[in-house]
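Visitor: I'm new here and would like a walk around this one. Could you show it to me and let me ask as we go?

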Amino acid sequence: MADTESDIHKGSRKRKSLLAKLYDFFSGYLLAVILLTFLLALTYFGTMAQVELGLYEASEKYFESFFLTENIAGVPVLLPGVYLVSALLFLNLTLGAIVRVRKSWRRPGMLIAHSGILYILFAGFVAFHYTKEGNMLLYEPNGSDVRHQSDEIYNLTNWSIEVTKYDSNGKREFIHVIGPDQLGGDWEAGSTRTYVNSDIPFQIKVSGYLRNIANGKGQLAGLLSEKGAKDKGVRIIEGYGVEAVPTNKSMEFNLPATYIDIFSRVGTNKFDSESISSALLIGSGPLSPKPFTFSDGDEKWSVDLTRQRYTLPFAIELENFQKEDHPGTMRAREYSSDVIKIDTGRKVHISMNKPMRDAGYTLYQASWGPEGARPGDRLYTSLAVSYNPADQWPKYGTYVIAIGMTIHFVQKLFSYLKRSNRSRRREEDSQ
Amino acid sequence: MNRLIKSIRVILCFVFAASLNFSAAAIDSYKKWDPEIVKIFEAMPVQEEGRLKPMQTVARYKLMRINNSKRLRFEVGGEKIKVSAAEWLMDCLFRPEVAKKMPIFKVNNPDVIEAIGVEPHSSPRERYSFEEISSAPDAMKRLSERTGELGKMMEDSDKEEESKAARRDPVNAGLLSLKSAVNEFEWATNAFNFARDGIAVDLGEASEEFKKAEGGKSRVSYFLSEFDKIIEIARKPEGQEFVAKISAAFNLLERDMATAGVKDRVSMISLAMFPPISDDDEEWIKPGYLIEQLSFRKNELSVEDQKKFAQWALPKIVALEGLTRNVGSPSFVNDLKALSDGIVAKAKERGEYKNIELELLNNRLGLFHWALPFYIMAFILLAVTWLGPGSKISRGLTYGVLGMTVFATVALIAGIYLRSILLGRPPISTLYETIPFITASAVILCLVIEFFDRKGIALACSVMIGIIGLFLAMRFEIKEARDTLKVLEAVLRSNFWLATHVICINIGYSAAILGGVIAHLFIFSCFFNVGSKDFRKSVTRMVYGVTCFGLLFALVGTVLGGVWANDSWGRFWGWDPKENGALMICIGAIILLHAKMGGYIKELGINVMAVLILMITVFSWWHVNQLETGLHSYGFTSGIMFWLFIVYAIESAVMSLGLSCCFFRFPERKGQLGGVRTVFSVSFFLLAFIFTIVFVNLALLT
């Protein structure tokens, strides 16, 4: 985008085809300015919205959407979402700053800097679509106890329903997952969704899915006793009913609940009209899963409402966890975990700002617990785990941008200084 | 409107604070402490908030939390008395009866003091003494009840909104602040009660067993040295009478022990003044812990360790008893020196004392406070040069301005450097530390521009930024009233990232602010039709250059922040409010550069945009911290929203002034404005004007 708009107009007096006009528009400064202005406004709206909606919902509405409606001075206005704006900006930047720009080896700065920005935008796209993330909780060794090992991570914000079949020895035979995308969206009052799978000899009907039944203190405020549920006309299963509690701004503190009914398969696509089992499922944590179990014929099954789970290609064992406070305070100075990667025996010390990277996965020291633990209590370490193919790309992008901008601005400064010296000399000569 | 008038009054009060801050006091006499005693006391090391620091620092922030000042001023019989923070803390610890008469509690709102049944003073500047408040019938009870109700509401998660609204009420806010100050004061005056008052019962009278002992039978040290015997007597079948006699003393001792600070209860108001017995232990010991370990928790140690601990701890308690009971005697200074020497020697042996002397030097120099008057003097000289521009005198004075600005900036940089040495890390990690750093960076940038440009424009800006920045730092320190030299959370303990991301982003902030400040000159020059075309051209060139410079640092700093977040939290970008604020600065600057290159804005547009970027920077620097959400929630400061809205209102007004120039100041350009451009210019002008009114309203509603 080295030419000014006026230069472009001067050089194109003759009538342009529609395609050429479109090309001009999509590679021009006007679109860049419009898109950047939208990006500025959306970032502001999305930031302020976090006060009311919390980070997760505000991000979904403003930063991950194609379009959104914003009330500006009481008037609903349709705006493009950051996702759409970023995609258009990527196009504009590619056409204007890489393809159309007048390229000169004497002025490489902006070309390099814009390439760096494109690279970071692309990294953002890859990370948004292909990142898998979750948390792994590992208890510290406790005397003669076997050390805590795990190869599973749990997403703190997404929930899923896991349907598990057990063999005669009580071991897991296979798991079918009803994922967050199938449970997402609006659940209007009274609405139900049915889930079937060819490997599962029954149909699961999910009804009254509630995104949260816990209050800010973690108490199950939405769990109703039989009497309370009757008064409110809520379905009762085994003496309990549930009602929605306003969602917490921090999405990880929300606890969903739902009713499920199981219907046996009687034909290829036919199911019994009478349910064989019904349950009220309440979201369970990674360390204390309490799945609902039932039998269908001779087969044992369980259905569990749990945080979305991924299995890592390797298992980790916690050898030691250290937590150190600043003296005389409860402010953490340092906390770190010594872990062993089971398959290779690799020992790694994970601490704040020093993650472990292996097989495309990155394990970070995120937190520890339980909250309010007293000296001597058994602690657990919380490792954030993410799989992001674009993990280090932004770092490389930063180097490219910094180099490009430094070259450009230093060249500009020198040419400005040259001009000033020249004009000062001219002034002195004229005096 | 009242709020606005009050705020203007606050500014005026501050400017004349030094001369106007004396208050009518009820204290009838005051004997100053011997300077040698004060010197010894100030240099005693204390562990607080995870850091070893001199008693002087502890005293300063304690006093600031109560009195909004590092010094106490009052009148005794027409004589003006100034008391340093350390002297005041000594009064609290060793002469509480004097401290309780000192006018110390600042209550600006008379409704607050009336709400607890105390007669308000005629002037809100006059402080209230503890005696004055506590002697009013039921005043303390009312204060506890009202704040207790608010406290309960704050703890109830279902009443979050109600609690926020209640705390916004000026009377409630004032009561909470007064209660916190009273608590802090009461702690300070009661901290050495155990040493001064003893156990309120003479053991010699309580039991025949202690009759033969010589003196000191009501002292805590004696009680503790005889603790095993006391328990033995109490356990005897005939010990019930003895227990009845001393049970009240036990209860009082337990209370005084808690006030003096025990180990497991994290308290910011107790003095951890003794190095620990074990060299491996990092946590310093509070006097209450000595009592606890010699009595109630004695059995946690083996018999051998009990003996060792008693040998180590009892002399410390005896020393404090000696001090509190011999205030005013000639031996006081020697006793204090002996106690202090022991503590200092041990601290040196542990390698912990090295920074205490440096911190005392830093406190004594007060480099940030010294820099401010020099910037003010430079501004006055600068104003004089404007009376006769181009004259020889004016040129001479300009060198004076430059000299003073350089001197003040060197002091500022030295202050930042000293803080870095003290904490052993790069200069910025808290919101407070950003203020002097951003001020220094902007001033240095101005001086560099002045070196090339030599038109006095950047020099004028440097002086103004210096004054505003240091004034802001001073007000912020008083408002927070917490030690500004802080230890860091685990995630921030990375000198590499503090030295790269944080420094870069703050240089970006300083350049964005500087660009906006310089742009004011262009807008005022246009609106008031002063200054030549060349002047405006120079200003615009500076704004453009500074914006480019700022963009480089803001963009690189923002992305580096993402890289840091990726290493700490496992995600590059999380749409956290602070990240978004930094991104908005970058976007604002990129819009300016692209709109200029596209030919959509010219000189005026560049300068108006620079003011908008200044507003965005203020939003990112201060406002997002007030949203109480996000990972960067380290910098919440209550009560600054009013000032933020005032800044936004002023800057919106400046933008509308600038945009109005399109129509009123350059009528000849009217013809050049195309239809679409005219519509945009009018729309932006109206928007800026409407926002000015909106922000003024928001400020008045806050």
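Guide: What follows is a chat about the two chains, their contact and a few residues.

Guide: A word first: this is a predicted model, where local features need pLDDT of at least 70, side-chain atom pairs count only at pLDDT 80 or more, and totals for chains, interfaces and linings use all residues. Residues are numbered from 1 along each chain as its sequence is written, while chains are lettered from A and ligands numbered from 1 in the order in which they are written.

Visitor: How many helices and strands does chain A have?
Guide: Helices (H or I, at least four residues) and strands (E, at least two) are DSSP runs, numbered from the N terminus. Counted that way, chain A has 8 helices and 18 strands.

Visitor: What percentage of the residues in chain B is buried?
Guide: Buried means 20 or more other C-beta atoms within 10 Å of a residue's own, exposed means 12 or fewer, and partly exposed lies in between, with C-beta atoms placed from the backbone. For chain A, buried residues make up 28% of its 431 residues. Chain B has 702 residues, and the buried part is 43%.

Visitor: Where chain A touches chain B, which element gives the largest share of chain A's side?
Guide: Two residues are in contact if their C-beta atoms, placed from the backbone, lie within 7 Å. The contact takes 58 residues from chain A and 52 residues from chain B. Elements giving two or more residues to chain A's side include α1 (5-10), α5 (109-130) and α8 (393-430) of chain A. The largest share, 17 residues, comes from α3(A).

Visitor: How does the side of chain A that touches chain B divide by class?
Guide: Ala, Val, Leu, Ile, Met, Phe, Trp, Tyr, Cys and Pro count as nonpolar, Asp, Glu, Lys and Arg as charged, and the others, Gly among them, as polar. Sorted like that, the side of chain A has 28 nonpolar, 21 polar and 9 charged residues.

Visitor: Why is strand β3 of chain A largely enclosed, and which residue stands opposite A:Asn135?
Guide: In β3 (residues 132-139), 6 of the 8 residues are buried, so the rest of the structure largely encloses the strand. Strands pair if DSSP finds at least two bridges between them; β3(A) has 8 bridges to strand β18 (residues 380-387) of chain A, running antiparallel.

Visitor: Which strands stand at the edges of the open sheet of 4 strands in chain A?
Guide: The order is β6-β7-β10-β11, with antiparallel pairing. Two of these strands have a single partner each, so one side of each is left without a neighbour in the sheet. They are β6 (192-195) and β11 (271-282) of chain A.

Visitor: Which residue in β7(A) is the bridge partner of A:Thr192?
Guide: β6(A) and strand β7 (residues 202-210) of chain A pair in the antiparallel sense over 4 bridges. The bridge partner of A:Thr192 in β7(A) is A:Ser207.

Visitor: Is B:Lys62 buried or exposed?
Guide: B:Lys62 is found in helix α4 (residues 55-67) of chain B. Not counting residues up to four places away in sequence, B:Lys62 touches B:Leu89, B:Glu184 and B:Ala188. With 23 C-beta neighbours inside 10 Å, B:Lys62 counts as buried.

Visitor: What is the peptide bond from A:Gly369 to A:Pro370, cis or trans?
Guide: Most peptide bonds are trans. A:Pro370 has its place in the loop between β17 and β18 of chain A. With omega near -5°, the bond from A:Gly369 to A:Pro370 is cis.

Visitor: What is phi of A:Asn353?
Guide: Most residues other than glycine have a negative phi. A:Asn353 sits in the loop between β15 (346-351) and β16 (356-358) of chain A, and is partly exposed, with 17 other C-beta atoms within 10 Å. Phi of A:Asn353 is positive, near 70°.
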